[in-house]
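This report is written for a reader meeting the structure for the first time.

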Amino acid sequence: MQSVSPPLKGDLGGLSYSGGFRGSPFLKMKNTSTTKMQERMLTAHFSLREMCASGTAIRLGIKNEPSEEVINRLQQLCEHVLEPLRQRFGVIRITSGYRCERLNKAVGGVKNSQHRLGEAADIHVSNIEVGRKMFRYIKENLEFDQLLFERIQENGACWLHVSYRETHPCPPCLGREFHVRRNRRQAIDNYVAPPRLEELQYEY
Ligand SMILES: [Zn+2]
């Protein structure tokens with residue numbers, strides 16, 4: 001269902017970071033070595049490593065390294081959606097976060113997937129009931145862009161896909177109320193994902 005996401009021409013994602021972690025030691029770590037970078041915590045419980053991890057990337061030798069712009073978006077997603085969800089439900093497992101173009105292609109993600117921008121994460125749900133509870137909680141309590149309770153009919157696999165994008169005010173000349181990008185708050189609780197290889201089912 002990510003296909004409804006419009007192409008982000010002139011994406012403003014990294015231009016006005018306004019998260020609550022400004023000035024925190026997390027953001028000051030500028031070491032670019034892969035290991036150091038991936039040890040970086042985006043919020044109290046979510047590391048950059050976790051948000052970029054992919055078995056498919058390892059298997060195919062894809063680096064899947066995000067830019068600072070993407071990292072800022074991942075941080076927004078963690079701060080506004082994943083941390084509050086963790087506070088409510090305890091430890092949650094991210095099965096797919098950021099995906100570079102090559103990885104997105106390799107796992108069969110849709111062309112304009114928000115995973116490519118660092119705006120989306122897939123969350124493991126142990127069963128449909130837990131998935132429903134998380135879905136409802138996000139929908140009723142959190143700010144989000146798109147929320148899908150995804151299922152593969154053939155094998156009963158299910159997971160939550162959730163995205164968040166920062167809202168950017170337009171320049172004053174265009175009026176205060178107008179925003180370039182908004183969170184759409186689009187929630188679909190029975191999205192049927194196309195069949196895919198068993199090993200890739202969580203990386204949608
Ligand atoms: Zn997804």
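## Overall make-up

The protein chain contains 7 helices and 5 strands. The model is a predicted one. Read from the N terminus, the elements follow the order α-α-α-α-α-β-α-β-α-β-β-β.

The protein chain has 204 residues, of which 34% are buried. Where contacts join residues at least 6 apart in sequence, 68% of these contacts link residues at least 24 apart.

## The sheet

An open sheet is formed by 5 strands, arranged in the order E1-E2-E4-E3-E5, with mixed pairing. Strand E1 (94–96) and strand E5 (186–192) are the edge strands, each of them pairing on one side only. From one strand to the next, the twist averages 25°.

Helix H7, which spans residues 128–141, packs on this sheet and touches strand E2 (120–124) as well as E3, E4 and E5. The direction of H7 makes about 15° with that of E4. In general, the side chains of a regular strand alternate between the two faces of the sheet.

## Strand E3 and its partners

Which strands pair with E3, and in what sense? Strand E3 (residues 146–151) pairs with strand E4 (residues 158–163) in the antiparallel sense, over 6 bridges. E3 and E5, by contrast, run parallel and are joined by 5 bridges.

Individual bridges show how these pairings are laid out. Gln-146 has Ser-163 as its bridge partner in E4. Arg-151 has a bridge partner in each neighbouring strand: Cys-158 in E4 and Val-192 in E5.

The hairpin of E3 and E4 has 6 residues between the strands, and Gly-156 in this hairpin takes a positive phi near 75°. Strand E3 is mostly covered, since 5 of its 6 residues are buried.

## The packing of H5 and H7

Two packed helices are described by the angle between their axes and the distance between the axes. For helix H5 (residues 68–89) and H7, the axes come within 11 Å and cross at roughly 125°. H5 and H7 are therefore oblique to each other. Their crossing is right-handed.

On the side of H5, the contact is made by Val-81, Leu-85, Arg-88 and Phe-89. Met-134, Tyr-137 and Ile-138 contribute from H7. Sorted by class, the contact of H5 with H7 comprises 6 nonpolar residues, no polar residues and 1 charged residue.

## Arg-132 in helix H7

Is Arg-132 buried, exposed or partly exposed? This residue lies in helix H7. Arg-132 has 15 other C-beta atoms within 10 Å, and is therefore partly exposed; a buried residue would have 20 or more.

Arg-132 and Asp-189 are 57 residues apart along the chain, and their C-alpha atoms are separated by 7.9 Å.

Note on methods
Residues are numbered from 1 along each chain as its sequence is written. This is a predicted model: local features need pLDDT of at least 70, side-chain atom pairs count only at pLDDT 80 or more; totals for chains, interfaces and linings use all residues. Two strands pair if DSSP finds at least two bridges between them. Helices (H or I, at least four residues) and strands (E, at least two) are DSSP runs, numbered from the N terminus. Axes are lines fitted to C-alpha atoms, for helices over the stretch in contact, and angles run from 0 to 180 degrees between N-to-C directions. Two residues are in contact if their C-beta atoms, placed from the backbone, lie within 7 Å. Angles under 35 degrees count as roughly parallel, over 145 as roughly antiparallel, 65 to 115 as roughly perpendicular and the rest as oblique. A crossing is left-handed if the near helix is turned anticlockwise from the far one by less than a right angle, and right-handed if clockwise. Ala, Val, Leu, Ile, Met, Phe, Trp, Tyr, Cys and Pro count as nonpolar, Asp, Glu, Lys and Arg as charged, and the others, Gly among them, as polar. A residue is buried if 20 or more other C-beta atoms lie within 10 Å of its own, exposed if 12 or fewer, and partly exposed in between; C-beta atoms are placed from the backbone.
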